[in-house]
Amino acid sequence: MTGRREVIKAGFAALAGTQLASAWGAEKKDKDKDKDELRPPAPPLMTKAIPSTGERLVAVGVGTNNYSPTTQEERAARREVLAGLTAAGASVIDTAPAYRQSEEVIGDLLAEIGNRKQAFIATKVSAPEGNLAQGIAMIEESKRRLKTDVIDLLQIHSLNGVEVLFPHLNELKRKGQVRYIGVTTSSPSQHEQLVALINTQPLDFIQVDYSLGNRDAAEEVLPAALEKRIGVLVNLPFGGRRDGNLLSRVANADLPDWASEIGAQSWSQLLLKYVVSHPAVTVAIPGMTKLAHLEENFTALRGHMPDASLRARMERYWDQRFNV
């Protein structure tokens, strides 16, 4: 039997640049059944609405901090991820000028694949020391690198230059050059300032660090975003350099028995289900550089999600075993 990954790869080779959503969930033969008996198609991926418009997004996108490939093999692997993303009906690609060649690589790969219209590109801008001209130049360079006239989501990176950039971003949105505007942080030390912006600025999105092992954002940031109807992108859903990679912490640990209640077959799926099940979260954006990452993370968007009771149980379980 041809495995799912081989089916997808074959589809990319034959139909590069086309909409492959049907290929992703196509029926396939079951090893343990008669050759001619087909397995039912996979359930659809979980989506969430952007609060300000109702536009729906698949609840996992691609973080691209590591999208500066140094070999043709690495570039090909990243191309497969971006092709597979939209083939599955998902769309969010988060990047930044600070991520080395990420914007340029993404722009080139989307042009090759032909799926720019299916992608939701989120990038970032900053204005060091309040230099608006530098921020404006950064935006224009991002558009050039990404090969696009319209940026789906433009975010003020690490809250750098919010005072001078907000008026300009709102003007770009009014002109249709930017669809949504937001701000980002990956540091709990900025959460207080982020909450203040949530309460005073007409934001479409915030981007914040949040995971089962780093729940600081759940105290004030996520409730404020929920109340103000602001979308939330979650960076570091598997942890980061500051708090330690969560997957490394659980590398030798068995899944808890109750993981089967939500269909989690791995720690990465359990951790993602925890993040995207928060009512304030719109999309989680883990880094993904291989097709296997995409398959694994999208599987987390199928089946049951933890309710409030199970989420509390997951937190207690984590704290008792991995936060000691």
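This is a predicted model: local features need pLDDT of at least 70, side-chain atom pairs count only at pLDDT 80 or more; totals for chains, interfaces and linings use all residues.
Let me begin with the overall picture. The protein chain has 324 residues, and buried residues make up 51% of them. Its secondary structure comes to twelve helices and ten strands. If we take the contacts in the chain with a separation of 6 or more, 74% of them are between residues 24 or more positions apart. As for the surface, the chain exposes about 14,800 Å², and carbon and sulfur atoms supply 48% of that area.

The largest nonpolar core holds 83 residues, and the members that touch the most other members are V183, I206, F298 and L301. The element that gives the most to this core is helix 10, residues 267-276, with seven residues. Apart from this core lies another one, of eleven residues, which include L57, A122, L153 and Y180.

I would like to stay with I206 for a moment. What is I206 in contact with, once we leave aside its neighbours within four places in sequence? The list runs through V183, L194, I198, V221, A225, I230, G231, V232 and L233, and V183 is, like I206, among the core residues that touch the most other members.

Let me turn to the aromatic residues, where the structure holds eight pairs. One of them joins W258 and Y317 in an edge-to-face arrangement, with 5.4 Å from centre to centre and 90 degrees between the planes. This pair links distant parts of the chain, since W258 lies in the loop between helix 9 and helix 10 whereas Y317 lies in helix 12, 59 residues apart. Buried or exposed, where do W258 and Y317 fall? Both W258 and Y317 are buried.

A tilted pair is formed by W318 and F322, with the centres 4.6 Å apart and the planes at 40 degrees. Here both residues belong to helix 12, four residues apart, or about one turn of the helix, and W318 and F322 are both buried as well.

Finally, two arginines sit over rings. The charged end of R78 is placed over the ring of Y67, at 5.6 Å from its centre, while R311 lies over the face of Y274, with 4.1 Å to the ring centre.

Methods:
Residues are numbered from 1 along each chain as its sequence is written. Side-chain values use heavy atoms; hydrogens and water are left out. A nonpolar core is a set of buried Ala, Val, Leu, Ile, Met, Phe, Trp, Tyr and Cys residues joined through side-chain atoms within 4.5 Å. Buried means under 20% relative accessible area, exposed over 50%, partly exposed in between (1.4 Å probe, protein chains only). Helices (H or I, at least four residues) and strands (E, at least two) are DSSP runs, numbered from the N terminus. Contact means heavy atoms within 4.5 Å. Rings of Phe, Tyr and Trp (its six-membered ring) pair if their centres lie within 6.5 Å; planes under 30 degrees apart count as stacked, over 60 as edge-to-face and the rest as tilted. A charge sits over a ring if NZ of Lys or CZ of Arg is within 6 Å of the ring centre and within 35 degrees of the ring normal. Accessible areas come from the Shrake-Rupley method with a 1.4 Å probe; for residues, only the protein chains shown count as cover.
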